[in-house]
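Please read it alongside the sequence and the coordinates.

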Amino acid sequence: KADADLLFAALAEANPDLLATALSEAEVELLATALTRGVVKELLVTALTKARSDTLATALTRALPELLFVALSQATPELLGTALTTANTDILAVALTEATKENLAVALTDATPENLRIALTFASEDGYRSPK
């Protein structure tokens, strides 16, 4: 069941294009997770105002519900914004499906914005590759 305060915040504060992306592309279970009690309102609003539409769609279609919940309940707003504005969508999908809850929480609370950007942009299958 959706938390009424989160639903109101999503409707009142979201970028209209991002809200349209969330409502039209999200998996129902993941949309429900994003509106669940325990999600931090500021983080939900960050996702719905700062994300690119492709990164928001990736998070709401490919994430594991428990990892999406970690991102929306434990991240710092700055790092969540960094992830959703700079990530390569394939790397973001891996982070939201393969990370442990603990490692995802650390990445979204303790990383520097630059290190998180590099990790979500320049990683490759065989490890780190430097930007061109």
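In this predicted model, the contact between helix 6 and helix 9 brings E66, L67, V70, A71 and Q74 of helix 6 against K101, L104, A105, L108 and T109 of helix 9. Sorted by class, the residues of this contact comprise six nonpolar, two polar and two charged. Helix 6, which spans residues 65–74, and helix 9, which spans residues 101–110, have axes 9 Å apart and pack at an angle of about 30 degrees. Because angles under 35 degrees count as roughly parallel, helix 6 and helix 9 are roughly parallel to each other. The crossing in which helix 6 passes helix 9 is right-handed.

A second pair is formed by helix 7 (residues 77–86) and helix 10 (residues 113–121), whose axes lie 9 Å apart at an angle of about 30 degrees. Helix 7 and helix 10 are therefore roughly parallel to each other, and helix 7 passes helix 10 in a right-handed crossing. On the side of helix 7 the contact is made by E78, L79, T82, A83 and T86, and on the side of helix 10 by P113, L116, R117, L120 and T121. The residues of this contact of helix 7 with helix 10 divide into five nonpolar, three polar and two charged.

For helix 5 (residues 53–62) and helix 8, the axes come within 9 Å and cross at roughly 30 degrees. That crossing angle makes helix 5 roughly parallel to helix 8, and the crossing of helix 5 past helix 8 is right-handed. Here D54, T55, T58, A59 and R62 in helix 5 meet T89, D90, L92, A93, L96 and T97 in helix 8. By class, this contact of helix 5 with helix 8 has four nonpolar, four polar and three charged residues.

| Helix 6 with helix 9 | six residues | two residues | two residues |

Turning to the largest pocket, about 520 Å³ of space lies within it. Its lining consists of 35 residues, and A71, L80, L84, L92 and L96 lie nearest the centre of the pocket. By class, the lining of the largest pocket has 34 nonpolar residues, one polar residue and no charged residues. The largest share of that lining, five residues, comes from helix 8, which covers residues 89–98.

Conventions
Residues numbered from 1 in each chain as written. Predicted model: local features only at pLDDT ≥ 70, side-chain atom pairs only at ≥ 80, totals over all residues. Heavy atoms only, no water. Axes fitted to C-alpha atoms, helices over the stretch in contact; angles between N-to-C directions. Helix = DSSP H or I, 4+ residues; strand = E, 2+ residues; numbered from the N terminus. Parallel < 35°, antiparallel > 145°, perpendicular 65-115°, else oblique. Left-handed = near helix turned anticlockwise from the far one by under 90°. Contact = heavy atoms within 4.5 Å. Nonpolar A, V, L, I, M, F, W, Y, C, P; charged D, E, K, R; others polar. 1 Å grid on protein atoms, 1.4 Å probe; cavity = no way out; pocket = protein on both sides within 12 Å on 5 of 7 lines; lining within 4 Å. Points joined across faces, edges and corners; volume = space filled by probe spheres on them.
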